[in-house]
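Biologist: Before I plan around the annotated site, could we go through its residues together, one by one?

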Amino acid sequence: MNLPVTWLYVPGDRPERFAKAAASGADVVIIDLEDAVVPARKDEARANAVAYLRERPAGGTVHVRINDLAGGRGRADLEAVGDLADGVRVPKVESPETLDAVRGAPAYALLESAAGILAAREIAAHPHVAGVALGEQDLAAELAITDEGAMNQLRVQVVLAAAAAGLPPVPMSVHPNVKDEEGLLASCRAGRALGLFGRTAIHPRQIPVIRRAFRPTEEEAARAAEIVVAAEAAERAGAGAVALPDGRFVDAPVVARARRTVELAHRLASGS
């Protein structure tokens, strides 16, 4: 299965943007019923999401970020979209018990508080969870963090929790300045070095930048292709070990990563 690289938020009270978001090139469109919608329009946003999910064309992947399940609005959101969306993004998850209520679509738990980070491993291991992500703006505000090194420590904790639970890599949180493409590119590359993969966006113009940041370099792609060729030769020969032309041996996890790199390089080859 191809891992998503780009996830695009679209406000639930702007239904005229849903089709545009789907045509943006994002791997996943996220209809947002939470932070992007003022309280007075949240019921309208939910109705918009339901209407679109029922009528949407086949082929795209659409998630819905619901409101906090601690309140009645979040539970109503879940009841309305749980069987229609391809995924439900659950905000402010602080314990695995929060996710017991999720039915239908797989859950993507958003960790946005100190309690959520401390419970990250248990949350990631919940059977309803298909992925976890950080809500960095809320987290930084709660902890009064201004140092990037301190935030990196929290990011790595979530990367470890996801990996330990066998979940896909953790995508990066949004870059709030849509005009800062150089900053977005640099931030993506720094996150990639920490083990994060892919990123959520708040504007279509951010999509090609994110794709470029996570596209393997020519050197990485060539090295991965060499490993895949050697692995396939070993499989044909019935050999258990994979030997590279330079004499080094690699094991199964390295081969699996090389195959993912080759696939990703091919998929993102047209990225700008």
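Biologist: In which helix does Asp138 lie?

Modeller: This is a predicted model, in which local features need pLDDT of at least 70, side-chain atom pairs count only at pLDDT 80 or more, and totals for chains, interfaces and linings use all residues. Residues are numbered from 1 along each chain as its sequence is written, and side-chain values use heavy atoms, with hydrogens and water left out. Helices are DSSP runs (H or I, at least four residues) and strands are E runs of at least two, numbered from the N terminus. With residues 136–143 forming the helix, Asp138 lies in α6.

Biologist: Is Glu112 buried or exposed?

Modeller: Glu112 is found in the loop between β5 (107–111) and α4 (114–118). Buried means under 20% relative accessible area, exposed over 50%, and partly exposed in between (1.4 Å probe, protein chains only). Because its relative accessible area is 6%, Glu112 counts as buried.

Biologist: Why is Asp138 classed as partly exposed?

Modeller: The class follows from the relative accessible area, so the value that places Asp138 among partly exposed residues is 32%.
Asp138 also touches Lys92 and Glu112, not counting residues up to four places away in sequence, where contact means heavy atoms within 4.5 Å. The value asked for remains the relative accessible area of Asp138, 32%.

Biologist: At which residues does UniProt place the feature "binding site"?

Modeller: UniProt positions are given in the numbering used here, feature names are shortened, and annotations may be inferred rather than shown by experiment. In an unreviewed entry, UniProt places this feature at Glu112 and Asp138.
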